[in-house]
Amino acid sequence: MPTLRTSVVLFLLLAVQLSFWTPGLSYEQFLTLSGYLAINFMSITMLLATRPGWLESPLGGLDRMYQLHKWTGIMAVGFALAHWLIEMADDALEALFGSDRSLKEAHFSGLLDSLQDGAEDLGEPGLYLLVFLVVITLIRWVPYGYWRYLHRVMPLIYLALAAHALLLAPLLWWQQPTGWLMALLIVGGSTASLQSLTGKIGRSHRYKGLVQAVKQTSANITEVVCDMGKRWPGHRAGQFALVTFDRVEGAHPFSLSCADNATGQLSFQIKALGDYTRKIPQQLHSGQAVTLEGPYGRFDLDSGRKSAQQIWVAGGIGITPFLAVLDNRLINKEKRHPAVTLHYCTAGAVNDPMVTRLKQLTEQLPSISLHIYDSLQGQRLTANQLQILSSKVDVWFCGPQGLAKALRSGLKQPSVSVRFHQEIFEFR
């Protein structure tokens, strides 16, 4: 389900589009409204896929942008299916609600007539392909390496459906705000599609470097150090990058586990969570080329509210952004920070290299209080163990969704103002 922020943005996007619409009750009204909303949401989906930097702050980071991208895509498919079903039931709906001749599709002659016929023919197969791609994205049965190539077909489907919308829209629309908004969004969506097809998305934020070291620190965690030289623009602790070690596999999001020390050396702690990440210790080696895109993210632990109790919670590999923040605070020890309680949940603290590093860092940072929970010892973190001591609490969380859900539920107290900050690493 979408987060509250995403739900609000979706509602606002729908409300803005409907504000341009002239309401009515007829078969053509239902048909054109569903088509209008379908292509508009599809256009917004394509625009979000370009990762526009100016949207990161208002949306709360690239992770939130991708969640919005996912849900605008779902809404686009929903309205497209409604459009198709309305067209299939044209006789029944016309008999029930009547007809509005002013909203009939335009009639052309010559070349435009041929283009219109072609655009009409593209609508149904385009819808089938769109539904297929969205379904395989949601169910995740297709491995990421194959899915990303299938997903590259999306811009072509969009361009076909955009032509369908433009050529079959009522002529009356081009004299009204309804048509102007749709045309503006289609121009944006078409530009985004061409960017995608030519591989230009994110190009201005890509930097090439070399893998400097690869070390398997535990059975399922690999530390990768990359030397980006002077090309890297710098990053804030808590951010992540889209990392490409293998062009065939493509980019994967990994949190930066180090502070920016102006040397261009960056480190990542990569957990074996899938087929690709399991192969990294064997396939990656020193001197290998790497491409980083970013930095992205708004997981800024220094942006908490003044006088609010600061609580950090990490589960497993979710400790990486906190490592970067601790590293940054150690580099800048002269800066004062509020007291923080850090809760780290792991499975096997004795053999966890993160525990050793956390203790080394927090021993030098007296403002950080560290608590470790080992699930192999039956230790489970609950909301009560967070020890809420203030009426204002900022919780910064990175870890499994199940733990986040349990903590959120336990923190619902009417007398306490809680802000729960969490990144959502779901990029499909």
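Biologist: Which hand, left or right, is the crossing in which α2 passes α8?

Modeller: This is a predicted model, in which local features need pLDDT of at least 70 and side-chain atom pairs count only at pLDDT 80 or more, while totals for chains, interfaces and linings use all residues. Residues are numbered from 1 along each chain as its sequence is written, and side-chain values use heavy atoms, with hydrogens and water left out. A crossing is left-handed if the near helix is turned anticlockwise from the far one by less than a right angle, and right-handed if clockwise. The crossing of α2 with α8 is left-handed.

Biologist: At what angle do the axes of α2 and α8 cross?

Modeller: Helices (H or I, at least four residues) and strands (E, at least two) are DSSP runs numbered from the N terminus. Axes are lines fitted to C-alpha atoms, for helices over the stretch in contact, with angles from 0 to 180 degrees between N-to-C directions. Helix α2 is residues 27-48 and helix α8 is residues 154-168; their axes come within 11 Å and cross at roughly 145°.

Biologist: How many polar residues does the contact of α2 with α8 have?

Modeller: Ala, Val, Leu, Ile, Met, Phe, Trp, Tyr, Cys and Pro count as nonpolar, Asp, Glu, Lys and Arg as charged, and the others, Gly among them, as polar. With contact meaning heavy atoms within 4.5 Å, Ile39, Met42, Ser43 and Met46 of α2 meet Met154, Pro155, Tyr158, Leu161, Ala162 and Ala165 of α8. By class, nine are nonpolar, none is charged, and the number of polar residues is one.

Biologist: How far apart are the end C-alpha atoms of α2?

Modeller: The expected span of a helix is 1.5 Å times one less than its number of residues. For the 22 residues of α2 this should give 32 Å, and the end C-alpha atoms agree with it, being apart by 32 Å.

Biologist: How many residues of α2 are buried?

Modeller: Buried means under 20% relative accessible area, exposed over 50%, and partly exposed in between (1.4 Å probe, protein chains only). Helix α2 is largely enclosed by the rest of the structure, because the buried residues number 19 of the 22.

Biologist: Is Arg51 buried or exposed?

Modeller: Arg51 sits in the loop between α2 and α3 (56-59). Its phi is positive, about 55°, although Arg51 is not a glycine. At a relative accessibility of 13%, Arg51 counts as buried.

Biologist: Is Ser307 buried or exposed?

Modeller: Ser307, in the loop between β6 and β7 (309-315), has a positive phi near 70°. With a relative accessible area of 65%, Ser307 is exposed.
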